[in-house]
Number of protein chains: 2
Amino acid sequence: MTPAGRQSYMELALEEARRAEMRGEVPIGAVIVDAGGVVVGRGGNRTRELCDPTAHAEIVAMRAACAAVKSERLPECDLYVTLEPCPMCAAAISFARVRRLYFGAADPKGGGVENGARIFNQPTCHHAPEVYGGLAETEAGLLLRAFFSRKRGA
Amino acid sequence: MTPAGRQSYMELALEEARRAEMRGEVPIGAVIVDAGGVVVGRGGNRTRELCDPTAHAEIVAMRAACAAVKSERLPECDLYVTLEPCPMCAAAISFARVRRLYFGAADPKGGGVENGARIFNQPTCHHAPEVYGGLAETEAGLLLRAFFSRKRGA
């Protein structure tokens, strides 16, 4: 994947994050891309809308991708997400055998990849994707900070 | 909750585990009980059937309970599950604000509560349920060992 290609997938993830915000959700978005570069799943946070604490952007996108490819595994697929995944999503990424994980902003408070539980570094983790952080992190971070600052001001 | 009450909820979880096995899934089952003792969600593993790597028993049961109570949180609810939750399910249990977690057999290879990522002990974990392990662990463990032994022999 070229840098421009990666950037364009992260743009789609940011678009999903903005859509999530318009639905009243925390603005996080994710996209799943197969080995041929085709987007097979995408989505944003839907925890409030669906009354589902597991409906984080990554899980919404992975469930869509798994339904599309009719498998519980996505071994040739890459996941782009605007924020460092939490431990729940990181473990789900491991179960789905995702090949590469690209994320935007790091999340010291809630992340589970480079922070907190560091799921992929646990000896009990049976599959770890290649991880690339910091892709479009400025834009991803701004989107979140603006959201929480408006929320506090509201 | 009396010991007999807890035992009867774990019996329901074991029944869900046996049903999961009949569907060709790993035999793990879960039940969610509200503050009044009413079962508001139950389910077993459905990862293969649904092509969904997140469809572990705990998450199937929590999604059902959240849909039933129309909330992404289950703060007055207790979760009974036949095996120690994995890190994905443990983090989901934390997000759902589950009050108490009762589990059967410990899972040194894949668990994320007393083993591996120890999700509830992370400083970034914002809610930890009360945890009680070892409830009906003999029966829960036998069910799993018999399943994997048949699988290896098949």
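This text goes through the predicted model of chains A and B, from their symmetry to their interface and then to details within chain A.

Residues are numbered from 1 along each chain as its sequence is written, and chains are lettered from A in the order in which they are written. Because the model is predicted, local features need pLDDT of at least 70 and side-chain atom pairs count only at pLDDT 80 or more, while totals for chains, interfaces and linings use all residues; side-chain values use heavy atoms, with hydrogens and water left out.

Two copies of a chain are related by a rotation about an axis and a shift along it.

The contact (heavy atoms within 4.5 Å) takes 29 residues from chain B and 29 residues from chain A. Of the interface residues of chain B, 100% are also interface residues in chain A, so the copies meet through the same surface. Between them the chains bury about 2300 Å², with 68% of it on carbon and sulfur atoms; buried area is the accessible area (1.4 Å probe) that two parts lose on being put together, summed over both. In chain B, Pro53(B), Arg63(B) and Glu72(B) lose the most area to chain A, together 25% of what that side buries.

The rule finds two salt bridges across this interface, each a side-chain nitrogen of Lys or Arg within 4 Å of a carboxyl oxygen of Asp or Glu. One salt bridge joins the side chains of Arg63(A) and Asp52(B), at 2.8 Å from N to O. On the side of chain B that touches chain A, two or more residues each come from helix 2 (47–50), helix 3 (57–69) and helix 4 (87–95) of chain B. Helices are DSSP runs (H or I, at least four residues), and strands are runs of E (at least two), numbered from the N terminus. Helix 4 of chain B gives the largest share of that side, five residues.

Within chain A, Tyr80(A) and Tyr102(A) form a stacked aromatic pair, 4.5 Å centre to centre with 10° between the planes. Rings of Phe, Tyr and Trp (its six-membered ring) pair if their centres lie within 6.5 Å; planes under 30 degrees apart count as stacked, over 60 as edge-to-face and the rest as tilted. Tyr80(A) lies in strand 3 (residues 78–83) and Tyr102(A) in strand 4 (residues 100–105) of chain A, so the pair ties together parts 22 residues apart in sequence.
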